[in-house]
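Opening the notebook on this one.

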Amino acid sequence: MVADRGKCAVCNNQAKSRCSGCVQAFYCSVEHQRADWKNHKPLCSPMRVCHNEKIGRHYVATRDIKPGEIVLREAPLIIGPSQVTVPVCVGCLKEVREKAHGECERCGWPVCSKSCQESINHTKNECKLTVEREDKVVIKHFSTVHPTYSCLLPLRCLMLKENDPERWKKLLELQTHDYKDDDAQYKQDMERIVEFIPRFFKTNKWTKDEIIKVNGISRINGHEVPLTNPSCVAVYHRASFFEHSCRPNLSKSFSEDNEVIFWSPNGIKKNAHLTISYTDVLWETSNRRHHLLQTKRFSCECERCSDVTEYKTYFSSLKCQKCDSGLLTPESLAKWNDDWRCTNANCKNIVTYEKVNKFIEHVGKDLQAMEKENEGNCIKFIEHYSKFLSSNHFYITDVKIALSQIIGNGVNGIQRISDERLKLKAKTCIELIELIEKLAPNEARILGLIKFELHSALAEAGRRAMQVKDANCKAMLEDSLKYCYDSIRLLGNEASCLPEGAVCRQARINASSLETMIGGMLDAGI
Ligand SMILES: C[S@@+](CC[C@H](N)C(=O)[O-])C[C@H]1O[C@@H](n2cnc3c(N)ncnc32)[C@H](O)[C@@H]1O
């Protein structure tokens, strides 16, 4: 449960009453709450923790949330390497290469610099325990997943018990994994973590139940942090209470120093549940649900999963091969693995799920074998599979995203492509934006990137129109600027070290040039 007492925001004495708006600030008396209101009002969180049988704790908006508003910014309780990873530096968590890294002088864990060796996340955790074990770690293979790394994140969580009792208490408030003794994950976790930690580090600091619980907490609540390559994983406290939806109303970003930022791209009404996605919203329904069941242990029945048409996008549907207009879909979520039927009422075509699945697997393999960085391959793939898959199908969408970024990529690339390819780039971007805005309108990162691509195609089209004195050139540049602003708005919370942060920086530069260009046209009376 969340903490039931804290320090009064005014006098620091122990207090039990909380602000009913955000349920975060504590007060020892009504007088102190009133006195603090002016300070607290701008900080008062727009959400409160509620509870229900089906989803457990979750957040509900206590007031309307404005578009662009950040609802939570939080530093991690703990951060560590992913449980499935090639060896990384235990200080900065970035990949290390076989010959270009060092070893911690005290414990042997791979580090990439002296400052990484002295990083507090390392020294007070695995380093301390390895020194106590009196035998250095030896990591020899750097190009494949290393099993010893599986224990590091749970180990760092466990070390909070002695390193930081406040954080340890917060960690234990989080939901843990409901292990079934016979599942493969349980067996692997027992071997690589629960039995491994006491044996390898020669310690009995924690009971078996404690290790199982904490490992479950890190699995259920861990967020993949994309700031390193490969990604690392962080566990946050308040961020752990957001519920999942495959069409979330919040977007997630990270700051350079691993803070997680949840914000609302489109605004949220009072009393709505605040939702994030625990999976990839551009995966198909059965993949998303399988992933959620495997990793977060629940069967997703969100609005999007329950609608087999996925807001009439037919993101998972196949084209009927017996009529010209129908699409094959399952009858309902519960009947996903039964026969799929044609949506055309006059066509009675029914196809078994086995056949549907076999075909989808075939397309998936074809896509995996294809070099997606090649424009020609992408165009051929779309042309061919558009005969069999819905125009918004996730595999078509996947290739369209690649195509939208490849066309005109590279230094001055866009200036050299033909008008036809420029049109194809803009058309692909427009179709993707239309689809994603229906399917997952708060997926800020991918929308921001595609809007940037569209802005660049429109700017180039405007420039070409200007050269031939086409009267539409100003409207084209204005359209381009509009998408550029959108891209800045959608990518504005991304860390500058990420590709999305770099695109946002470029979008700011481009917006300023476009403003100057359009301003010049206005001055010239165009
Ligand atoms: C990160 S925790 C979220 C907070 C959790 N509800 C709690 O009480 O601590 C993730 C867990 O919440 C539950 N959950 C979150 N979203 C859900 C949803 N849409 N449907 C069902 N259960 C959900 C699942 O049990 C899942 O494993």
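Which backbone oxygen does the side chain of Arg 156 reach at 3.0 Å? I looked it up in the model, which is a predicted one: it is the backbone oxygen of Ile 79. The side chain of Arg 156 also reaches the backbone oxygen of Val 90, at 2.9 Å.

Next I checked where Arg 156 sits. I found it in helix 4, residues 152-163. Buried or exposed? Arg 156 has 0% relative accessibility, so it counts as buried, the cut-off being under 20%.

Then I listed what Arg 156 touches, leaving aside its neighbours within four places in sequence. The contacts include Ile 78, Gly 80 and Leu 93, along with Asn 121, His 122, Asn 125 and Glu 126. Ile 79 and Val 90 are in that list as well.

On to the ligand. I get 15 residues around it, and Ile 55, Arg 57, Gln 175, His 244 and Lys 296 come nearest. By class, I have six nonpolar, five polar and four charged residues in the shell. Which elements supply at least two shell residues each? I noted strand 6 (56-61), helix 8 (208-221) and strand 13 (243-244).

I went through the backbone atoms too. A backbone N or O atom of Arg 57 lies 2.8 Å from a ligand oxygen. For His 244, a polar backbone atom is 2.9 Å from a nitrogen atom of the ligand. For Lys 296, I read 2.5 Å between a polar backbone atom and an oxygen atom of the ligand. Last entry: the ligand taken alone exposes 560 Å², and the protein buries 91% of that.

Technical notes
Residues numbered from 1 in each chain as written. Predicted model: local features only at pLDDT ≥ 70, side-chain atom pairs only at ≥ 80, totals over all residues. Heavy atoms only, no water. Near = heavy atom within 4 Å. Polar contact = N/O pair within 3.5 Å; in protein donor to acceptor, adjacent residues only side chain to side chain. Areas by Shrake-Rupley, 256 points an atom, 1.4 Å probe, with all protein chains shown as cover. Helix = DSSP H or I, 4+ residues; strand = E, 2+ residues; numbered from the N terminus. Nonpolar A, V, L, I, M, F, W, Y, C, P; charged D, E, K, R; others polar. Buried < 20%, exposed > 50% of the residue type's maximum accessible area, 1.4 Å probe, protein only. Contact = heavy atoms within 4.5 Å.
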